[in-house]
Every structure is written in C-alpha cells, then in structure tokens.
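Please examine the sequence and the three-dimensional structure shown here. The briefing below is intended as a guided reading of selected features.

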Amino acid sequence: MSISAETAKKHANDPAVTCCRFEAGSEIKPDMLEDPAILPDLADSGLLVLGDDCLTIGEVLGGTLTETLDALTPITKNVVKGLLSKEETKAEAPVVQHTEEKHEPVVYEQTSNYANPGVVRIYIGEGKDIDLEFPLSVAGSFGAPVSAPSVNQVSTNSAVAAESACTASCEAKEVRKLVKKHYKIEKVEMADKTVIEGTTLKIRKGLIKEAIDSQDLVLDMKIDIITPNDYDKYSETIMDVQPIATKESGELGNGVTRVIDGVVVVVTGTDEDGVQIGEFGSSEGILDRNIMWGRPGAPDKGDIFIKTQVTIKAKTNMERPGPLAAHKASDKITQEIREALKAFDGKAVGEEEFVQYRRPGHKKVLIIKEIMGQGAMHDNLILPVEPVGTLGAVPNVDLGNVPVMLSPTEVIDGGIHALTCIGPASKETSRHYWREPLVLEAMKDEEIDLCGVLFVGSPQINAEKFYVSRRLGMIVESLDLDGAIITTEGFGNNHIDFASHHEQVGMRGVPVVGCSFSAVQGALVVGNEYMTAMIDLNKSKQGIENEILSNNTLCPEDATRAIAMLKAVMAGEEIKEAERKWNPNVKLSNVELLNENGLKIEMLENEQVLEKSKKRREIYEVE
Amino acid sequence: MALEDLKYKDNLMYMQGFITKVKDGGVEIDFKGRLGSMSIPLRMLISDYKPEVGQTIGFVMSHPEIESNLIDETYRKVMNKEE
C-alpha cells in the first residue's frame, strides 16, 4: 500500500521501495512508495530483496525515475536522477535527525531544583523549529536532565515540559500512613484451639469441617502444613498465595496492620474429577520445581505453607461460583487465624512504615493496573474489610469492570484478593499486591507525585472493553497527569484493552509506559501509535508461559525500568523502536544503560535455577 | 516444544465452527466439517457480542504436531481417573 506525505516524512530514513509499477520519467512522490512498516514482512516471505544500495525515502522524494520499475523494487542510485543531497534532507527533516541520535539516558541522581525561586515556566504544547536562547545563568537554574535535547533545538514531537514554578511551600504532603507490624512464626500445628503461643501458631482441627460446610460447592478440604522439608512434595495447582494479616487499628489502607512472617496461606484445588481449577496451564507438581521463589507474589524460600486443598463439585471449575467457593472456604480458616493474631499480646519483631505523600510541583503520575474481569475465575475481590480477606469485598466483575481508584497504601494493605486463575507464570496473586513493587517504588520516588493506583477490569466483550476504556480515559483527562504506567497480568484478549488504555491516555497527550508479559507466547497482536514505551515482564528463557508460579510477573527490576522509562518519556526523550521478534538482549541493554548511570538493578533469576520438573523436562525444555 | 521446533507453523488452515456451550469462564466450540472441537477460556476469545450457543466462529491454526514419544505420567493418571 502506498503511503501519505506524513508517513513519508516520519519514515524519511527508511528504505524506499516502489509499491506498484512505475514508468521511467515519473517523479517520485509518497504515493509511489511502499509502507516501510511491512517491508520486513515482505522480505521474510521472499517477495522483496533489500540490498545495502537501497536509498531512503528522504533521499528519493522529488527525484525522477530514469527506468521503469516493477512493484516492490528497491529504489537505487542508478535508477533515479535529481536526488536530494544528504545535507538538504537533513535540513528538511530536523525531526528525523532527533530520532536518529542514540540518547544517553537521563541521569536521575541530581537533586532537582524545584525549590529554586524565580524559575521560568515554559509550556509548549506543539511547536516547530523552535529556537530559544537563554543566558547561561538562567539555563543553569533549569535543573534540566543532563542529555535532554539542548534548549535551542526542540523536536516537534515533545513538549518542553520544564519544571513548573515552585516556591518554598512545595513540600511533600503526607496524606496517610500505614504501619505493618511483623510477628514471627516458626511452627504451625493443628490443635484444639486457634491461638498463637510464642512463635507457634495453632489451628483448631474442627475448623476444617466448618469451612467445608460453609460453602455448597465445596465437597472436601484438606489442610497440609508444608515446611521447607516438604518442598519436594506434590501439590495441586496453586490458585493463590496469601499473607496472613489483620487490622489492629484503622481501616484498610491506614492505621496499623499485623502480619505474620514466615507463614503464608496457599490455596490449591481441583474439582472432584481431578481437573485443576484454572484454565491455561497449571502449576501442579513438586512444589520446589514449580514455584519461582521470592517473587513478590510467590512464597519465599523458608516459608511455611498452610496449604488448603479444596475439592469442588465436578465441572464447576470454569463457572464463577466454583473458584470463589474455594477461596471463601480457605478464608474461613484464615479469618480465625486473623482473630488469633489480633488477640496475640506478644512482641512484634519489626515494624514497617509506609507513607503516602503527594508532592505538588512534581510530575503527577498515575499507575493503572489492568486486572482480569472476564468472569468465572478471572475475577478479583476489591477492598475487603481485612487485608486479603473476602468479607466486605466486591468482585470487579460485579462492578462492571469500571475503573476503581485505590490509594497506594490500600493496595499494599491487602486491598485486592486475587481469584485470578490465569497462567501461573504471569498471574498476580494476592501476595503480589501486598508487595507490589511498582507501587512501592513509585511511593518512595521523590521525583514524581504518585496520585493513586487505578484498577480497571478487562471485560470479555469488545464493546464493553471500549466502554470501560473510555471511562478510564475520562478519569485520566480530569487528573491532568504528567505520566502514566499501565500494567496488565496474563495475555489474551486483555491485550485489546491494554492497547485501548494506551490510546486513551496517549491521545490526551500524557506520556505512557506499558508493562506486560509478552516475549514469544504473549506477543502483542494489537498496537497503536501510543504504545512506544513498553516493558516486557518475561523472565523465562524461552519467552513462554511455562507454568512456573510467578515467573513472569512484575518484579522490582521491572518497576525500576518502568519508572526510568516513564521519566525518559516525560522528559521528551525518544525510546528506540522495538525489534520485530522477541530479543531478550533488548532488556539487558536497557539494564546496562541504567546501571552505567548509577541506578543499580538487581536482576532476578528465572526458572533455570529450579530443578527441572517433569513438565519442563518433557514438554517445554526437552534436552 | 519450542516454537522453532514446529515444522508446519507457517501452514495455517482456516477453521470455522460454532459455539456449542457457554460457561462462565469459557466456551466450547465444534468445528465444521467434523474437524474436531475445542474448549477455551473467555480470555482466548475475541467477541463483539456476548457469546451464545449457535454463534459461528473463525480462526486460523497450524496442524498440531506431536513432539516425541515421551508420556507425562501425571497427565495420564488424571485422565485415567476421569474414566
């Protein structure tokens, strides 16, 4: 297909190939050229052979063909006369020049000069060939990033978002504080009462029957206390990993929360025929080989598991009430432990303080988390009364999947109970939200003003997807954001929403960065012009959903890259285009770039450190 | 099986079928021409309308390829239990 003049300008440095047959003597115009975006595909299928002598679009425009060329022929020097020289093309397309340069990443160590009085604010929404000159003294006080485009050469792509005028009163404002008190448990055993004695947690034996009876669809439930010695035991698919926490004072999101260290609740189950609850792949197998220890949403090595194994009625695993019943039954056990934790009069081993600040004068950033909402086990319970509880929470499917705003502290205080039974490698469990790395890092970052965390569900039907996405757009518009990060778990038709959210945010002129598992198996099939800054959450060697719990979820290393990329986009930097096929080295070069500039990123291990499970040996990674 | 090991991944067949069952979490689809059936979660289905029994679907797929003779005992055990 031929291209427009606008596309020709944008791709002035891409190869010039004819889209149709043209006679000698024709003047080369954009509507004679093939779309550069599909040239790699054409080359792959053998329809086009691109040599080094192929000229660029910028060079051939305005020239004249001296020979008749067939369709899909690269235009070379010997068939054109009246070529524009390199210098002229450069002068005509300053935008392109800017794109070509490899930018050094912005150095973020500098303390910003926001408190500097007398700073001039310049806001240019859309400019062209702007030439500004400032006396050195004023330029120095800008505190601009080290290698941002120099002040007297501004590209047409980016707004010069210089720091707004900020007086001394622009201090961080504390909005709310959450304190987490940690209590160490070293032993868990079944007993006559649910109580904590010293570092031993005792669970009432009769509680199990009560939990089974509480839910019609639950036919049976077993509890296994798994200590590190039992990690080589077999387990059914893990449906959720939950911290055991309770409110000591205040509401969820503020006040004081008590949490047990060293013990997690692990919900597992099948239906009575033995079919795993969960659809895409399951993480059943030997625990030690199917869990990526230490990920935010996974158990840590050394944790004791209170593993509930729930059996639900046959064939209800794909129906909405099924997985919900399994979670509610497990929660009955956890709730009694919460009461015991509340009543415990022992000492906490440690305290963590989480303060939510608003930082006026700094770049206002919103985190948007897309969660599953197609129904059945693709659901989450939002804002229970107790951290990661079920009572008082509302499923986001019942809320119509419309965006719901949570404060950052509400997220990390167990505001989300995840039912999601999607692929284990990219599933965000309840524990993931309890330790959400992106929220934690954004909260601490003094250079940005994190205004909230917006959860948006992903409905099944396209029309509903766009309905929800447009509401997200309106919220973004009303917030006057400087930047946004959109994350999603899993892959599938939720990528359609993912793309739409980027469009809603981007079309309002807000810089946006996206985070998703992609690589090979989850390669984005939809995209738009606003999806130019993306972080791939994949960590598996082969780029696939390899059924190892939490392997491909958002981790601190991804959070650091996402925030760094957002800051780069907000400062007007250009992000290099992604490669066509998944290349794990792109992530590594980004990490190197950040490490070179003082932002140390600790790279996490992937499934290669785990002993190979049968599935991996025989299915995914045959030797 | 790694993507690169598939020998016929570029040979895509156009498949047509219709929805035979709708569950909360997925749909069951029967292919036309007695070419088989499949059950997929909602996440894997693209739709403008609420899925309903009788609606037709279309997609392209490559031929499934058996990778090797190795049998996974866990799956075999679970399948035998169902019978």
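The points that follow concern a sheet, a helix, several salt bridges and a surface patch. The model is predicted. Over all chains, the count of salt bridges comes to 31.

**The sheet of chain B**

- In chain B, four strands form an open, antiparallel sheet in the order β3-β2-β1-β4.
- The edges of this sheet are β3 (37-41) and β4 (56-61) of chain B; each has a single partner strand, so one side of each is left without a neighbour in the sheet.
- From one strand to the next, the twist averages 40°.
- Six bridges join β1 (residues 13-22) of chain B to β4(B) in the antiparallel sense.
- Opposite B:M13 stands B:M61 in β4(B).
- In general, the strands of a sheet pair through backbone hydrogen bonds, either parallel or antiparallel.

**Helix α12 of chain A**

- Helix α12 of chain A covers residues 437-444, and its buried residues include A:P437, A:L438, A:V439, A:A442 and A:M443.
- At the start of α12(A), the backbone nitrogen of A:L438 has a side-chain oxygen of A:E436 within 2.8 Å.

**Salt bridges of chain A**

- Side chains of opposite charge can pair when their charged atoms come close.
- A salt bridge links A:R204 and A:E336, with the closest N and O atoms 2.9 Å apart. Because A:R204 lies in strand β6 (residues 200-204) and A:E336 in helix α9 (residues 321-343) of chain A, this pair ties together parts that are 132 residues apart in sequence. A:E336 has a relative accessible area of 22% and is therefore partly exposed.
- A:K209 and A:D213 also form a salt bridge through their side chains, at 2.8 Å from N to O. About one helical turn separates these residues, because they are four residues apart in helix α7 (residues 207-213) of chain A. Both A:K209 and A:D213 are exposed.
- In the salt bridge of A:K301 with A:D288, the closest N and O atoms are 3.7 Å apart. A:K301 lies in the loop between α8 (287-290) and β12 (304-312) of chain A, and A:D288 in helix α8, so the pair ties together parts 13 residues apart in sequence. A:K301 is exposed at 54% relative accessible area, whereas A:D288 is partly exposed at 27%.
- One network of salt bridges with shared partners joins A:K539, A:E557, A:D558, A:R561 and A:K587.

**A nonpolar surface patch**

- A:V394, A:L399, A:V402 and A:Y467 form a nonpolar patch on the surface, and their accessible area together is about 320 Å².
- A:V402 is located in the loop between β16 (394-395) and β17 (404-406) of chain A. With a relative accessible area of 31%, A:V402 is partly exposed.

Notes. Residues numbered from 1 in each chain as written. Chains lettered and ligands numbered in written order. Predicted model: local features only at pLDDT ≥ 70, side-chain atom pairs only at ≥ 80, totals over all residues. Heavy atoms only, no water. Patch = residues over 30% accessible without salt bridge, like charges linked within 9 Å, V, L, I, M, F, W, Y side chains within 5 Å. Areas by Shrake-Rupley, 256 points an atom, 1.4 Å probe, with all protein chains shown as cover. Salt bridge = Lys/Arg side-chain N within 4 Å of Asp/Glu carboxyl O. Helix = DSSP H or I, 4+ residues; strand = E, 2+ residues; numbered from the N terminus. Buried < 20%, exposed > 50% of the residue type's maximum accessible area, 1.4 Å probe, protein only. Pairing = 2+ DSSP bridges. Axes fitted to C-alpha atoms, helices over the stretch in contact; angles between N-to-C directions. Polar contact = N/O pair within 3.5 Å; in protein donor to acceptor, adjacent residues only side chain to side chain.
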